[in-house]
Amino acid sequence: MRIANANLMKEINLNNVRQVMKRMETATKPQLAALTKLSVVTVNSLVKELSELGELFEDMVVPSNGGRPAQTYRFNYNFSLALVMYVTEKAGKVLVSATVINLKDDILMKDDHIIPVFERDFFYTIIEHALSQYPAIKVIGIGIPGQAVNGEIKVSSLRELTGSRLIEEIETRFGLPILVENDVNAAISGYCMKHREGEEQYLLGLYFPNGYPPGMGIYLNGSILRGNQGMSGEVKFLPDMPEWSLEIPRDTFIAATCRILQTVNAVLAPDRIVIYQDRVEDEVWTSAWTAYQLQHPMPVYPEVVLQHTFQEDFENGLRRLTLKELEPEPT
C-alpha cells in the first residue's frame with residue numbers, strides 16, 4: 001500500500017510539472033519549484049525523468065540574480081500528437097477532414113477531401129497516411145453528425161454511417177484510443193471554451209442544418225450532459241416537427257424552432273441557448289421569438305444567442321476534446 005501511494009504521488013507530481021511546463025513553455029528548476037510548490041530536490045528528479053522520456057528538453061542557460069547561470073527547460077509540445085477527423089455533408093457530397101495537432105493545438109497538417117459517398121476504405125487510407133507521417137499520434141478524435149451507442153452509430157444524417165461499427169473497427173485496426181463525438185456536442189463545447197463560459201452555467205447548443213434534422217448539445221458545469229446511452233439532445237424526435245429534409249416555409253421553420261425552445265426551456269431551464277441557423281435572418285427570427293414569448297409566458301426564459309460559427313466552434317471543440325484525452329491521469 002505504501003509503494004502504491006508513493007507511485008500515485010509521483011504520478012501526481014509528474015503531471016503537476018507537465019501542466020506547469022505546458023502552460024509556461026520554458027522554465028528553470030527553481031521556477032518550477034516555486035510554481036508547483038514542490039521541493040527543488042523533487043523537481044530535479046521529475047525534470048530528469050521527463051527529459052529522459054522526451055517530454056522536456058534543455059533550452060537556454062540564463063543568468064540567475066548573481067548566482068550560477070540556470071538551465072532552462074522547454075516543453076516538447078510535439079511529444080504527443082492527435083489526429084482529429086470529421087465527416088459531414090457538403091453540397092450533396094461528403095467532406096472528410098483530417099487534422100494533426102500537437103499539445104499546443106498547433107495545426108501540423110490539414111487535409112480536406114470531397115467524395116461522392118462515404119467509403120470506409122478511403123477513410124482508413126487517410127488514417128494510415130497520417131500515422132505514417134506522424135508516428136507520435138497517440139489518439140484519434142472523430143466528429144460525426146450522429147450518435148454512437150456501444151460502438152454502433154445509431155443515428156446519423158449520413159446514411160452510410162447509420163448502423164456501422166466504424167469506431168470499433170478503427171480501434172481494432174490501428175490500436176489507438178478513439179474519441180467519437182457528436183458534432184453539436186463538439187460545437188457547444190468549442191463555443192464555451194472560446195468564450196470561457198460554462199464552468200458554472202447551463203448552456204444548450206441548437207443546430208439547424210439546411211436539409212437535415214436539428215440536433216442539440218447540453219453543456220452543464222464544464223461537461224457535456226449525454227443522457228442514457230448518449231442520446232440526449234435528439235430534438236428531431238419531438239412531436240409535431242416538420243419534415244426537415246424538405247424545403248420548409250419560413251413561418252413553419254420559425255414556429256418549429258420556437259416550440260423547440262419553449263419545450264427544452266420547460267424541461268431543462270438553461271441559462272443560455274446558442275442557436276446555429278442560416279435559414280432565417282437574425283432580425284426576423286429574434287422578432288418572432290420575442291412575440292412568441294409574449295404569447296407563451298413562462299417564469300423564466302433563457303438568454304438566446306444567434307451564432308453563425310458552427311463549423312469553427314465544431315472544429316475547435318473537437319480538437320480541444322481530443323487533446324483532453326492525452327492528459328495523463330494517475331493510476
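**Stop 1: Thr 42**

Select Thr 42: with a relative accessibility of 27%, this residue counts as partly exposed. The cut-offs explain the label, because buried means under 20% and exposed means over 50%. Thr 42 sits in helix H3. Keep in mind that you are looking at a predicted model.

Thr 42 and Gly 151 are 109 residues apart in sequence. In space, their C-alpha atoms are 43 Å apart.

**Stop 2: the whole protein**

Zoom out. The C-alpha atoms fill a box of roughly 75 × 50 × 40 Å along the principal axes. Colour by secondary structure to find nine helices and 15 strands. Of the 331 residues, 46% are buried.

How many of the contacts join residues at least 24 apart, among those between residues at least 6 apart in sequence? The share is 61%.

**Stop 3: Lys 37**

Go to the loop between helix H2 (29-36) and helix H3 (40-53), and pick Lys 37. Its relative accessibility is 73%, so Lys 37 counts as exposed. Check the backbone too. Phi of Lys 37 is near 65 degrees, a positive value in a residue that is not glycine. Most residues other than glycine have a negative phi.

**Stop 4: the largest core**

Nonpolar side chains tend to be buried together in soluble globular proteins. Here, the largest nonpolar core has 42 residues. Select Val 17, Met 21, Leu 32, Ile 188, Tyr 191 and Phe 314: these have the most contacts inside that core. Helix H6 (residues 183-194) gives the most to this core, with six residues.

Stay with Val 17. Which residues does Val 17 contact, leaving aside neighbours within four places in sequence? They are Leu 32, Thr 36, Leu 38, Leu 46 and Leu 50.

Another core, of 31 residues, lies apart from the largest one.

**Stop 5**

Two packed helices are described by the angle and the distance between their axes. Show H6 together with helix H9 (residues 310-324). Their axes are 6 Å apart, and the packing angle is about 85 degrees. H6 and H9 are therefore roughly perpendicular to each other.

On the H6 side, the meeting residues include Val 184, Ala 187, Tyr 191 and Met 193. On the H9 side, they include Phe 310, Phe 314, Leu 318 and Leu 321. By class, this contact has nine nonpolar, three polar and six charged residues.

**Stop 6: Leu 321**

Pick out Leu 321 in helix H9. Is Leu 321 buried or exposed? With a relative accessible area of 13%, Leu 321 is buried. Beyond its neighbours within four places in sequence, Leu 321 is in contact with Leu 179, Glu 181, Ala 186, Ser 189 and Met 193. Take Leu 179 from that group. Leu 321 and Leu 179 are 142 residues apart in sequence, yet 8.2 Å apart from C-alpha to C-alpha.

**Stop 7: Ser 164**

Jump to the loop between strand S9 (152-156) and helix H5 (166-174), where Ser 164 lies. Ser 164 counts as buried, at 4% relative accessibility. Follow the side chain of Ser 164: it reaches the backbone oxygen of Leu 161 at 2.9 Å.

**Stop 8: Phe 122**

Next, find Phe 122 in helix H4 (residues 120-133). At 27% relative accessibility, Phe 122 counts as partly exposed. Leaving out residues up to four places away in sequence, Phe 122 touches His 113 and Ile 115. Phe 122 and Val 96 are 26 residues apart in sequence, and their C-alpha atoms are 9.6 Å apart in space.

**Stop 9**

Select Thr 257 in helix H7 (residues 250-268). Its relative accessibility is 2%, so Thr 257 counts as buried. Thr 257 touches Phe 208 and Trp 285, not counting residues up to four places away in sequence.

End in the loop between H7 and strand S14 (272-277), at Ala 269. What is phi of Ala 269? The angle is near 45 degrees, a positive value in a residue other than glycine.

Technical notes. Residues numbered from 1 in each chain as written. Predicted model: local features only at pLDDT ≥ 70, side-chain atom pairs only at ≥ 80, totals over all residues. Heavy atoms only, no water. Core = buried A, V, L, I, M, F, W, Y, C linked by side-chain atoms within 4.5 Å. Buried < 20%, exposed > 50% of the residue type's maximum accessible area, 1.4 Å probe, protein only. Helix = DSSP H or I, 4+ residues; strand = E, 2+ residues; numbered from the N terminus. Contact = heavy atoms within 4.5 Å. Axes fitted to C-alpha atoms, helices over the stretch in contact; angles between N-to-C directions. Parallel < 35°, antiparallel > 145°, perpendicular 65-115°, else oblique. Nonpolar A, V, L, I, M, F, W, Y, C, P; charged D, E, K, R; others polar. Polar contact = N/O pair within 3.5 Å; in protein donor to acceptor, adjacent residues only side chain to side chain.
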